[in-house]
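Subject: Structure handover

Hello,

Here is the structure I promised to pass on. Please open it alongside this note.

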Amino acid sequence: MREEALRSVLLVKSIEATDIAGTILPAGDRAQATRDAMRALGIATETTDGGIDDALAARALAERAQRLAGPLAERYPIVSEVLGQTRTPTWILVTLLLIAFMAGLGLSALDGSRRINILAFPFLGLIAWNLVTYAVLAVAWVRRHRGAQAQAAARGHWAGKAFARRIGPLVRQTARVHAVLAKAISAYAASWADLGRAFIAQHARRGLHLAAAAVALGLIVGLYLRGTVLRYEAGWESTFLGPAQVQTVLRVLFGPVAGWSGVPLPETQDAVESLRWTAAGGGGDAAPWIHLIALSLACYVVVPRLLLAGAATLSLAHLGRARALPAELRGYAGD
């Protein structure tokens, strides 16, 4: 069932379950919407003694909810506001990406000098954080496909609390003029956090993956911008590492991209030592290292994160095309 349709169905269901007297949704409107939805889908001629399949039942519920939600929103404008509060607003994603990109720009100028430390935290820390994240995601994927129900319950609990905070003011505002509708709205938020948690999780994953890519892009852009207008030198300094250890680190970090990018790495320990900043000097041209850092960030962060964001988008589309009706809605569809 599509995300928007599921929201409408859950809202109408919550109102019907709460509005026993029919003051919000009169019984006649409910029955008429059911007949109109069945007629529009031709269910009356397709129904067998065994009932209808999940896909058709889902379409019928969505059609019926749409016919009821429109008049509801006209009579009670707060209904539209409630539905909007359980969506993922575009402005939140845009703001998140802008903040992430600016954070990357800030990382590029963290030390405030005209030196690029090839062992510095902004680069190594970002790579390490993303590699750890990939490992955590891989473990979570394995556990999820083994049916870890506790994790699903925890995600639903987190989402329920988040929606309770967002919709709480609307519930309190509505309760002053219509207690039954306020109770229905509260029930809707809880049911969406439960049945809609798969959509919620994929929206969150996509946003966080895009934000991580934006941080790396900000760092790349910042390095190139500063390298264009300022003369940089690249090098390293360390209390505990010597040229041999640094050469190993450089091969691990930059070796995969140096091999096909045409930007060579120092081949000897003496060449690595010449990049070491000391009181007597050291360091070298920053341009090759900026290229290596940018390509490494693209390979380790930007491309994988964009692929993961794309996978989340595909998961959202797959969820919207799912033909199975949630078990919690089967009884409601038969009423």
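Below is what came out of it, from the whole protein down to two residues.

First, the ground rules. This is a predicted model, so local features need pLDDT of at least 70, side-chain atom pairs count only at pLDDT 80 or more, and totals for chains, interfaces and linings use all residues. Residues are numbered from 1 along each chain as its sequence is written, and side-chain values use heavy atoms, with hydrogens and water left out.

**Whole protein**

The protein has 14 helices and 3 strands. Helices (H or I, at least four residues) and strands (E, at least two) are DSSP runs, numbered from the N terminus. The radius of gyration is 28 Å, well over the 20 Å that the globule rule gives for 335 residues, so the protein is more spread out than a compact globule. That radius is taken over C-alpha atoms, and the rule is 2.2 Å times the number of residues to the power 0.38. Along the principal axes, the C-alpha atoms fill a box of roughly 90 × 45 × 35 Å.

Of the 335 residues, 41% count as buried. Buried means under 20% relative accessible area, exposed means over 50%, and partly exposed is in between (1.4 Å probe, protein chains only).

Now contacts, meaning heavy atoms within 4.5 Å. Take those between residues at least 6 apart in sequence: 83% join residues at least 24 apart.

Helix H1 covers residues 3–18, which is 16 residues. From first C-alpha to last it reaches 23 Å, close to the 22 Å expected at 1.5 Å a residue. The expected span is 1.5 Å times one less than the number of residues. H1 is mostly covered, with 13 of its 16 residues buried.

Ser14 sits in this helix. Is Ser14 buried or exposed? Its relative accessibility is 7%, so Ser14 counts as buried. Leaving aside neighbours within four places in sequence, Ser14 is in contact with Ala184, Ala187, Tyr188 and Ser191.

**Helix H14 and Ala333**

Ala333 lies in helix H14, residues 327–334. Ala333 counts as partly exposed because its relative accessibility is 32%. Which residues does Ala333 touch, not counting those up to four places away in sequence? They are Ala57, Leu61 and Leu325. Arg231 is 102 residues from Ala333 along the chain, and their C-alpha atoms are separated by 69 Å.

Over to you.
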